[in-house]
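Good morning, and thank you for coming.

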Amino acid sequence: VQLQASGGGSVQAGDSLTLSCTSSGRQFNFMSWFRQAPGKAREFVGLINWQQTRTLYADSVKGRFTLVRDNAKNMVSLQMNNLKPDDTAVYYCAAGGLLSTDSHEYNQWGKGTLVTVSS
């Protein structure tokens, strides 16, 4: 399985940005996003299941971030609105068979994409 994240960039606070993660090979039930800010541990952002009937978001992004999954394109998008400087981080997509917010439960990872939000 190969995961490829894209869409990062530098924006101003209040702006929107959409990240995409495309996957090849075996498809997993859960696709998730994590992020890691400089000097901090990797943290859970959100996840979505195959059927798109289950989503889960970190409290810090709830109401601002939305996950959309397109199984025909093997792609998951993370729509990020009203971005804040605290959202600055490298964002990673991950795939797994279990519903988990623990990064250690995932063994399929894409390379990260950097999001920088300026105040």
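Let me begin with a definition: a charge sits over a ring if NZ of Lys or CZ of Arg is within 6 Å of the ring centre and within 35 degrees of the ring normal. Please bear in mind that this is a predicted model. By that criterion, the charged end of Arg42 sits over the ring of Trp109, 4.7 Å from its centre. The charged end of Arg42 also sits over the ring of Tyr92, at 3.8 Å from the centre.

Both rings belong to one aromatic cluster, formed by Phe34, Phe44, Tyr92, Tyr106 and Trp109. The structure holds five aromatic pairs. One of them joins Phe34 and Tyr106 edge-to-face, with 5.4 Å centre to centre and 70 degrees between the planes. Phe34 lies in strand β4 and Tyr106 in the loop between β9 and β10, 72 residues apart. Phe34 is buried, with a relative accessible area of 0%, and Tyr106 is buried at 5%. Phe34 also pairs with Trp109 in a tilted arrangement, at 5.2 Å and 55 degrees; here the partners are 75 residues apart, Trp109 being in strand β10. Trp109 counts as partly exposed, at 27% relative accessibility.

Tyr106 has a polar partner too: its side chain makes a polar contact of 2.7 Å with the side chain of Ser32. Ser32 is placed in strand β4 and counts as buried, at 1%.

Finally, the core. The largest nonpolar core has 33 residues, and Trp33, Phe65, Leu78, Met80 and Tyr91 have the most contacts inside it. Strand β9 supplies the largest share, five residues. Among the residues that Tyr91 touches are Trp33, Phe34 and Phe65.

Terms used: Residues are numbered from 1 along each chain as its sequence is written. This is a predicted model: local features need pLDDT of at least 70, side-chain atom pairs count only at pLDDT 80 or more; totals for chains, interfaces and linings use all residues. Side-chain values use heavy atoms; hydrogens and water are left out. A nonpolar core is a set of buried Ala, Val, Leu, Ile, Met, Phe, Trp, Tyr and Cys residues joined through side-chain atoms within 4.5 Å. Buried means under 20% relative accessible area, exposed over 50%, partly exposed in between (1.4 Å probe, protein chains only). Helices (H or I, at least four residues) and strands (E, at least two) are DSSP runs, numbered from the N terminus. Contact means heavy atoms within 4.5 Å. A polar contact is a pair of N or O atoms within 3.5 Å; within protein, one must be able to donate a hydrogen and the other to accept it, and residues adjacent in sequence count only if both atoms are side-chain atoms. Rings of Phe, Tyr and Trp (its six-membered ring) pair if their centres lie within 6.5 Å; planes under 30 degrees apart count as stacked, over 60 as edge-to-face and the rest as tilted. Lists of a residue's contacts leave out its neighbours within four places in sequence.
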